[in-house]
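This report describes the fold architecture of one protein chain.

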Amino acid sequence: MILSANEATIAQAAQALRDGQLVGLPTETVYGLAANATDDNAVARIFVAKGRPADHPLIVHVASMEQVPLFATQVPEFAQKLMHAFWPGPLTLILPRQSGVAAASAGGQDSIGLRCPSHPVAQALLKACADWGVHGVSAPSANRFGRVSPTTAAHVQSELGPDLLILDGGECDVGIESSIIDCTRGEPVLLRPGQITRAQIEAACGHAVRAKDAPQDVGGQVAPRASGTLESHYAPRAKVRLMSAQDIAAKLQALGPHANNLGLWSAERPEDGAGLGAGVLWLAQPQSAEQAAHALFSVLRELDARGVQQIWVQLPPDTPEWEGVRDRLQRAAA
Ligand code: TXA
Ligand code: MG
């Protein structure tokens with residue numbers, strides 16, 4: 001059931017969360033499937049609804065920095081700087097977890113992922129929840145495990161069915177999930193790239209950001225599990241192939257009129273006749289990384305809905321602002 005977000009429906013959703021129900025929640029990145037973070041039974045329903053393994057930890061969403069000490073035991077100085085710079089916004093911080101709090105949500109890890117979203121509906125809902133005594137809301141992306149993340153209320157309904165209460169907050173602005181920084185290893189480690197770039201993170205906290213698979217010193221620790229970091233993820237039904245603009249042009253040329261059931265997401269529209277036949281459905285890939293991130297998951301869904309068998313995607317440049325989009329594309333193609 002999709003409800004347009006307003007004061008009354010936000011209050012209704014907050015009560016549903018307090019009562020242990022699940023809610024589809026708009027954020028600035030993607031839609032989340034929300035439950036009271038400290039209600040282990042409610043959190044268990046998230047794992048069932050998504051078909052997600054129970055040991056994959058969820059992000060806990062909070063209304064403000066004030067709620068961090070309820071969930072985290074200790075916040076290093078660089079993490080504090082990151083909160084001040086980017087919250088509310090698309091940045092998740094992994095911190096040491098208060099023992100006994102949100103254990104199911106953390107998937108058994110002794111750390112916890114915290115994020116303060118900026119979407120006005122998410123903010124209003126989290127504040128309403130806090131008034132009801134619910135100080136953290138666990139919310140993974142509201143898609144079935146391994147599939148494409150939803151960026152509209154209709155996407156959520158098509159993933160999870162008509163019974164779920166979904167607050168409609170419009171299209172998500174950012175379009176790809178939050179950047180995740182692990183703050184439990186003495187220095188920032190980037191677990192998942194997002195709209196906020198490595199350089200912005202380094203500038204804000206004054207530390208070099210380590211890549212998650214850097215071979216040096218993982219402090220003897222096992223890297224935390226992160227499903228958004230599995231090699232194959234964000235997968236549409238159609239097979240995704242990443243190619244350069246030149247390869248796309250050459251392959252279309254070679255296929256000629258035989259190109260069939262093919263979706264194409266590239267910057268330049270192929271010339272009619274020389275590739276863009278009736279069997280090729282072309283969608284324009286925006287030139288800016290921000291706009292491409294905003295469009296990415298809808299494009300994959302739309303091409304799937306049109307029944308194409310393959311999706312050819314022009315691989316964007318290997319520059320810092322494209323890191324998040326390239327990461328999602330590489331997983332979609334894996
Ligand atoms: O933008 C987002 O972050 C969205 C919206 C809804 O807020 N949420 C999201 O959640 O992307 P999800 O569950 O699809 O991805 C969360 C990622 C997963 O890869 C999870 O494993 C990782 O965060 N994660 C959560 N807690 C963690 C922890 N304690 N240690 C390591 N990774 C963690
Ligand atoms: Mg996800």
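The centres of domain 1 and domain 2, taken over C-alpha atoms, are separated by 30 Å. At their contact, domain 1 contributes 24 residues and domain 2 contributes 16 residues. The domain assignment places domain 1 at residues 2-220 and domain 2 at residues 239-333. The model is a predicted one.

**The eleven-stranded sheet**

Eleven strands make up an open sheet of mixed pairing, and their order is β1-β8-β2-β3-β7-β4-β6-β5-β9-β10-β11. Its edges are formed by β1 (2-4) and β11 (210-211), each of which pairs on one side only. Within the sheet, strand β2 (residues 23-25) runs parallel to strand β8 (residues 165-168), and two bridges link them. At this pairing, G24 faces I166 of β8.

Two helices pack on this sheet. Helix α2 (residues 40-50) touches β3 (32-36) and β7 (137-138), and the direction of α2 makes about 155° with that of β3. Helix α6 (residues 153-160) touches β1, β3 and β8, and the direction of α6 lies at about 165° to that of β8.

**The four-stranded sheet**

A further open sheet consists of four strands in the order β12-β15-β13-β14, with parallel pairing. The edge positions belong to β12 and β14 (280-284), each pairing on one side only. On average, neighbouring strands of this sheet are turned by 20° against each other, direction ignored. Strands of a sheet pair through backbone hydrogen bonds, in either a parallel or an antiparallel sense. The pairings of the four-stranded sheet are listed below.

| Strand pair | Sense | Bridges |
|---|---|---|
| β12 (residues 239-243) and β15 | parallel | five bridges |
| β13 (residues 262-266) and β15 | parallel | four bridges |
| β13 and β14 | parallel | five bridges |

Why is strand β15 (residues 310-314) described as largely enclosed by the rest of the structure? Four of its five residues are buried, so the strand is largely enclosed; a residue is termed buried when its relative accessible area is under 20%.

**Selected residues**

Helix α10 (residues 323-333) contains R328. Is R328 buried or exposed? Its relative accessible area is 1%, and because buried means under 20%, R328 is classed as buried. Leaving aside residues up to four places away in sequence, R328 touches I176, E177, S178, R192, P193, G194, Y234, L296 and F297. Of these contacts, I176, E177, S178, R192, P193 and G194 fall within the bounds 2-220 of domain 1, while L296 and F297 fall within the bounds 239-333 of domain 2.

Elsewhere, R18 lies over the face of W132, at 4.1 Å from the ring centre. As for pairs of aromatic rings, a search of the whole structure finds zero.

Note on methods. Residues numbered from 1 in each chain as written. Chains lettered and ligands numbered in written order. Predicted model: local features only at pLDDT ≥ 70, side-chain atom pairs only at ≥ 80, totals over all residues. Heavy atoms only, no water. Phe/Tyr/Trp six-rings, centres within 6.5 Å; stacked < 30°, edge-to-face > 60°. Lys NZ or Arg CZ within 6 Å of the ring centre and 35° of its normal. Buried < 20%, exposed > 50% of the residue type's maximum accessible area, 1.4 Å probe, protein only. Contact = heavy atoms within 4.5 Å. Pairing = 2+ DSSP bridges. Axes fitted to C-alpha atoms, helices over the stretch in contact; angles between N-to-C directions. Domains from an automatic or database assignment.
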